[in-house]
Amino acid sequence: MAELQKEKFPEIQGGGSLMIAWQVKGKQVLVIGGGEVAAGRIVHLLNADAVVTVICPSTGLNPEVSYRIAQKQVMHINRTFLPSDLGDREWSMVLVAIDDPAASTQIWKLCKQKRIVANIADVPPECDFYFGSVHRDGPLQIMVSTNGKGPRLASMIRRFIAKKLPSNAGRAIESIGELRVKLRQVAPRPEEGPKRMSWMKDVSDEYSWEEMCEMTEEDMTNLLKFYGPNKVPSFDELRGMRASAAEAAKADVFDGSFGFSVGA
């Protein structure tokens, strides 16, 4: 029995991180520091639609952070960090990127006292979470993490993975997302959840990346007609339906003639 379970269930590999897509849209995030590392953190946060506040003297801002401030993409407090800043508002997280190890550790301890998750740049023991190397293509996000052991290696691995992906992966995922929204409109009842999931799995298995990218609104409408009988047509069938509809529409167009002519 033990051998059977060992083969059936995955082995546990302790020491990893919980990889999650943290939703910070509209949430308050504090960045302490204004250099190159802070600039990278800010990009990640803005891409996730967070509301970002940067605390750093203007003399310590690098060009990119200055640009974000000038464009009003982030709020800026022009001074060094004060302990009272942590009580200023309800922070979802605090990111520290300053060249002062003692001050960074002090901020970390303050965050722990206030139960605010924090990341102290380049100090893994003082991090509730790590930033990885991220590949982004529209809705597709792939993060590679070495759990703080080798950030540069994470970047190399991320580039290797990105080269192996189809160039249109993001567009294909957009199409799948649009189809899922339309399917929920066709089959909105909660009890249809298992059927929806099973049918979408079959759709994803049936079509290639290229075919998903080529799918039009008309194709999606035609595809949804097969949800009821729980079938998935080939892409050639979908194109055939599209062509037939175009021919029918063309035949219905009145060209102005009545089949006869009137002589002078």
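Over residues 166–233 the chain is 68% helix and 0% strand, where helices (H or I, at least four residues) and strands (E, at least two) are DSSP runs, numbered from the N terminus. The end C-alpha atoms of this span are 23 Å apart. The model is predicted: local features need pLDDT of at least 70, side-chain atom pairs count only at pLDDT 80 or more, and totals for chains, interfaces and linings use all residues. Residues are numbered from 1 along each chain as its sequence is written, and side-chain values use heavy atoms, with hydrogens and water left out.

**Annotated spans**

- An unreviewed UniProt entry labels residues 166–233 "domain: Siroheme biosynthesis protein Met8 C-terminal"; such annotations may be inferred rather than shown by experiment.
- The unreviewed entry also carries "domain: Siroheme synthase central" for residues 137–163.
- Residues 137–163 are 48% helix and 22% strand, with end C-alpha atoms 12 Å apart.

**Domains 1 and 2**

- The protein chain splits into domain 1 (28–131), domain 2 (132–165) and domain 3 (169–250), with bounds from an automatic or database domain assignment.
- The C-alpha centres of domain 1 and domain 2 are 23 Å apart.
- In domain 1, 5 residues are in contact with 5 residues of domain 2 (heavy atoms within 4.5 Å).
- The two domains, 1 and 2, bury about 440 Å² between them, 54% of it on carbon and sulfur atoms; buried area is the accessible area (1.4 Å probe) that two parts lose on being put together, summed over both.
- His44, Tyr130 and Phe131 supply 75% of the area that domain 1 buries against domain 2, more than any other three residues.
- The side of domain 1 that touches domain 2 has 3 nonpolar, 2 polar and no charged residues.

**Salt bridges**

- Side chains of opposite charge can pair when their charged atoms come close.
- The count is 11 salt bridges (a side-chain nitrogen of Lys or Arg within 4 Å of a carboxyl oxygen of Asp or Glu).
- Across the interface of domain 1 and domain 2 there are 0 salt bridges.
- Arg68 pairs with Glu64 in a salt bridge, their closest N and O atoms 3.1 Å apart.
- Both Arg68 and Glu64 lie in helix H3 (residues 63–70), 4 residues apart, about one turn of the helix.

How values were computed. Ala, Val, Leu, Ile, Met, Phe, Trp, Tyr, Cys and Pro count as nonpolar, Asp, Glu, Lys and Arg as charged, and the others, Gly among them, as polar.
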